[in-house]
Amino acid sequence: METFYQPTNNGEASNRETEDIYAKMDWDKLGFDVIPTDYMYIMKSNEQDGTFSNGALVPFGTIDINPHSAVLNYGQGLFEGMKAYRTTDGEVQIFRPEENALRMRMGAERLLMPSPSVEQYVEAVKQVVRANKRWVPPHGKGALYLRPLLFGSGSVMGISPAPQCTFLIYTNPISNIYKGRTESLSLLIDNKLPRAYPGGTGGVKNIGNYAPVFQVVKEAKAKGFSDVLFLDAVEHKYIEEVSSCNAFIVKGKVISTSPTLGTILPGITRKTIIELASDLGYQVKERKISVKELLRANEVFCTGTAVGISDVGSVTYKNKCIKFKTGPDTVTQKLYDLITGIHAGLLEDKKGWIVKID
Ligand SMILES: *Cc1c(COP(=O)(O)O)cnc(C)c1O
């Protein structure tokens with residue numbers, strides 16, 4: 001058995017850090033930088049039956065990993081993205097953690113890894129947030145980003161799944177403003193390289209989904225675009241999603257988003273927006289959206305945990321730049337206010353989506 005860390009205690013954080021309400025740092029300067037926090041959570045699977053046990057908080061730090069591990073050699077790994085939010089009255093809460101747990105379990109099935117139960121996952125998230133509470137930024141300054149990982153840490157020589165997997169959660173405070181951006185997104189449609197292929201792993205949060213698009217996203221950014229909007233891999237005709245977030249279009253009272261049929265990541269923000277928009281009386285459709293139709297939309301927006309809801313100001317396709325409505329008087333703004341209001345504890349959580357961290 002490989003061990004990264006010996007737990008320093010029985011899974012309980014010491015009181016030293018938790019006594020301070022906020023970590024000493026300039027919250028106004030918060031961006032998207034690497035900031036080590038106090039603790040991370042680690043739990044390993046049993047090689048015999050694949051069950052997870054003895055999870056514990058350990059001081060945040062580097063991990064030892066065997067060169068033979070399946071994650072390094074064969075990319076057997078998944079990630080999740082969540083946030084802990086500070087409410088206006090200083091409380092800390094997380095949003096729909098069971099959904100992330102279930103999504104990780106789906107991904108684990110696809111990559112042939114054992115995974116923690118939903119209860120274990122949620123308990124681990126609560127523990128790691130509680131232990132790093134002082135790193136949850138004050139309301140309005142950002143959120144504590146949570147990054148759960150599940151990876152094949154066990155050693156293999158032949159091409160096969162790892163005999164042992166590691167579940168790890170680390171945290172990092174980040175700003176609300178995505179990568180310093182204060183304007184709406186300008187997207188470039190790339191019709192050369194798709195993000196995901198039918199039968200591939202685009203529908204799960206596989207660690208290998210991002211590196212293949214680094215190059216095209218970098219090229220788009222060099223041309224001044226904020227990100228790339230990818231088309232389907234078969235007909236190069238339907239919009240799928242942006243590199244790290246889902247896309248929606250608004251036309252009159254109808255809000256549409258591409259269906260999650262394997263090439264689109266089933267975002268939890270996406271799912272939440274579908275529900276909130278339906279409650280507001282919009283007709284929400286999950287269906288294929290052609291580029292032609294997108295270019296005729298009134299509004300376009302993106303959703304994801306990191307970006308929240310971002311309005312899209314323009315989409316460029318075949319050297320033509322089409323502009324969309326943005327600003328205060330939009331459907332996008334209405335949905336933004338709703339979801340950020342729930343996250344901040346300003347609006348009542350009628351759905352049982354919020355889990356408070358005491
Ligand atoms: C994580 C992710 C999203 C957004 O999912 P959320 O659950 O809303 O954060 C969208 N697209 C891709 C490719 C992603 O990796």
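The ligand takes up the space of the largest pocket. A pocket here is an open set of points on a 1 Å grid over the protein atoms alone, with protein on both sides within 12 Å along at least five of seven lines, where a 1.4 Å probe fits. A molecule sits in a pocket if more than half of its atoms lie within 2 Å of the pocket's grid points.

A quick word on the model. It is predicted, so local features need pLDDT of at least 70 and side-chain atom pairs count only at pLDDT 80 or more, while totals for chains, interfaces and linings use all residues. Residues are numbered from 1 along each chain as its sequence is written, and side-chain values use heavy atoms, with hydrogens and water left out.

Back to the ligand. How many residues surround the ligand? The count is 15, and the closest are Lys205, Glu241, Ile268, Thr269 and Thr305. To be near, a residue needs a heavy atom within 4 Å of the molecule. Strand S11 and helix H6 (268–279) each supply at least two residues of that shell. Helices (H or I, at least four residues) and strands (E, at least two) are DSSP runs, numbered from the N terminus.

Now the polar side chains. A polar contact is a pair of N or O atoms within 3.5 Å; within protein, one must be able to donate a hydrogen and the other to accept it, and residues adjacent in sequence count only if both atoms are side-chain atoms. Thr269 has a side-chain N or O atom 2.6 Å from a ligand oxygen. For Lys205, that distance is 2.7 Å. For a polar side-chain atom of Tyr210, it is 2.8 Å. On its own, the ligand has 380 Å² of accessible area, and the protein covers 96% of it. Those areas come from the Shrake-Rupley method with a 1.4 Å probe; for residues, only the protein chains shown count as cover.

Next, Glu241. This residue lies in strand S10. Is Glu241 buried or exposed? Glu241 counts as buried because its relative accessibility is 2%. Buried means under 20% relative accessible area, exposed over 50%, partly exposed in between (1.4 Å probe, protein chains only). Its side chain also makes a polar contact with the side chain of Asn246, at 3.4 Å.

Which strands pair with it? Two strands pair if DSSP finds at least two bridges between them. S10 (residues 239–242) runs antiparallel to S11, with 2 bridges, and a hairpin of 2 residues joins them. S12 (residues 254–257) is antiparallel to S11 over 4 bridges. There, Ile249 stands opposite Ser256. This hairpin also has 2 residues between its strands, and Gly252 in the turn has a positive phi of about 60 degrees. S14 (residues 299–304) pairs with S11 in the antiparallel sense over 5 bridges. Val250 faces Glu299 in that pair.

Asn54, in strand S2 (residues 52–59), has a phi of about 55 degrees. Asn54 is exposed, because its relative accessible area is 71%. Leu112 also has a positive phi of about 55 degrees. Leu112 sits in the loop between helix H3 (97–110) and helix H4 (118–131). At 59% relative accessibility, Leu112 counts as exposed.

Technical notes: 1 Å grid on protein atoms, 1.4 Å probe; cavity = no way out; pocket = protein on both sides within 12 Å on 5 of 7 lines; lining within 4 Å.
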